[in-house]
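Please open the model in your viewer and keep the selection tool at hand. The stops below are meant to be taken in order.

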Amino acid sequence: MSVNGLCAGRSCRLLALSLICLAFFSACSKKEQAKKPKLPVPVLAASASRKDIPVQLRAIGNVEAFSTVSIKSLVPGEVTGVFFKEGQDVKKGALLFTIDPHPIEADLRRAEGVLAKDTVEATNAEVDAGRYSDLFKKGMVSRQQLDQSVTAAASLKETIRADRAAIESIKVQLGYTKIYSPIAGKTGNLNVTRGNIVKANETPYLVVINQIQPVYVTFSAPEMFLSEIQALMSKGKLKVAARISGDTGAPPEGYLSFIDNAVDITTGNVKLKATFENKSDKKLWPGQFVDVVLTLSTKLGATVVPAQAVQNGQKGQYVFVVKPDKTVENRPVVLGLTKDNDAVIEKGINPGETVVTDGQVRLVPGTKVDIKTSL
């Protein structure tokens, strides 16, 4: 046998021996790994508890002024005074504007002069009617002349009544030269200043006043809640909260005060209004959009878990329940309403049971867990 053949044979034997050793050590490593126990999966958990949960209806609402008055001048003339500033709060009966009264005062004096003249003529006509009556009895005047004198006296009496009515009308017009606020509220944009000439009933308005104490919040509810709302409203006031976007303070609270008399056939919703006193800091502003929460009732002693514990699977909603041996069980649940971070469990969980709230992605039924305070 040649030297090359001998070397080739030895190389083959060494290669085979190496492969056998490698296979042996690999099998031993796998056995060691199989014997090594799996580490518990770290998770966050919480206990199911009992709570009184308010049953609430949520919607987007719009703030409306309790009342709105658009101020116009009822007489033409020059604006001689403006007695408030834009955006100012005014009381009911506060003086807002004055219109130049001189033209109307002149009309009043003219009308009073006409009344005085007609009064004198009426007095003379009555005297003449009495004289013609005496002469008619003596046969010195005809019946026609007597009738004419009586008619003239009666006509002048009616003229006096018309004159007095004209004077009253002018006095009313004169009263319109001072414009007072008919409500307590906040003034808006001022459209005229002193020196402007205005016409009677002219637009744009001189100013618009909104009453914002109290205010309305208008929102809609699905038709399915109408009967329940009506029944509850007949027993007492239903609380309504209005949360303003970006406001971290306590939301203003009011009460439901109006249910519309028809359901909107295009949307299937019914219009509702809540009244808010809005006294503390006037947070609610006409035209503002707010998140409305209408509290219908309170579910007493409900079983609740953190909302993040509830998972969605192919067969529905479930939670991972931690058993006494620290392994988890996949438990189907029937979910009720959710409020803030609390989910009401109608069926499937008992108060006191521990549920996984974070770390579910690594879990399967039977997995051992290590409950942590943070992940």
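This is a predicted model: local features need pLDDT of at least 70, side-chain atom pairs count only at pLDDT 80 or more; totals for chains, interfaces and linings use all residues.

Residues are numbered from 1 along each chain as its sequence is written, and side-chain values use heavy atoms, with hydrogens and water left out.

**Strand β1.** Begin by selecting residues 41–47, which make up strand β1; helices (H or I, at least four residues) and strands (E, at least two) are DSSP runs numbered from the N terminus. Strands count as paired if DSSP finds at least two bridges between them. β1 pairs in the parallel sense with β20 (residues 369–372) over four bridges, and within β20 the bridge partner of valine 43 is isoleucine 371.

**Arginine 362.** Arginine 362 counts as exposed because its relative accessibility is 55% (buried means under 20% relative accessible area, exposed over 50%, partly exposed in between, with a 1.4 Å probe and protein chains only). Although arginine 362 and valine 41 are 321 residues apart in sequence, their C-alpha atoms are 7.3 Å apart in space. Leaving aside neighbours within four places in sequence, arginine 362 is in contact (heavy atoms within 4.5 Å) with Val41 and Pro42.

**The nonpolar cores.** Now select Ile71, Phe84, Leu96, Phe97, Leu206 and Ile209, which touch the most other members of the largest nonpolar core, a set of 29 residues. Such a core is a set of buried Ala, Val, Leu, Ile, Met, Phe, Trp, Tyr and Cys residues joined through side-chain atoms within 4.5 Å. The largest share of this core, seven residues, comes from α2. A second, separate core has 25 residues, among them Leu57, Leu226, Ile259 and Phe276.

**Aspartate 118.** Staying with helix α2 (residues 102–137), pick out aspartate 118. Is aspartate 118 buried or exposed? Aspartate 118 is buried, because its relative accessible area is 7%. Not counting residues up to four places away in sequence, aspartate 118 touches Thr159, Ile160 and Asp163.

**Tyrosine 176.** Finish in the loop between α3 (143–175) and β6 (178–180), where tyrosine 176 lies. Tyrosine 176 counts as partly exposed, because its relative accessibility is 33%.
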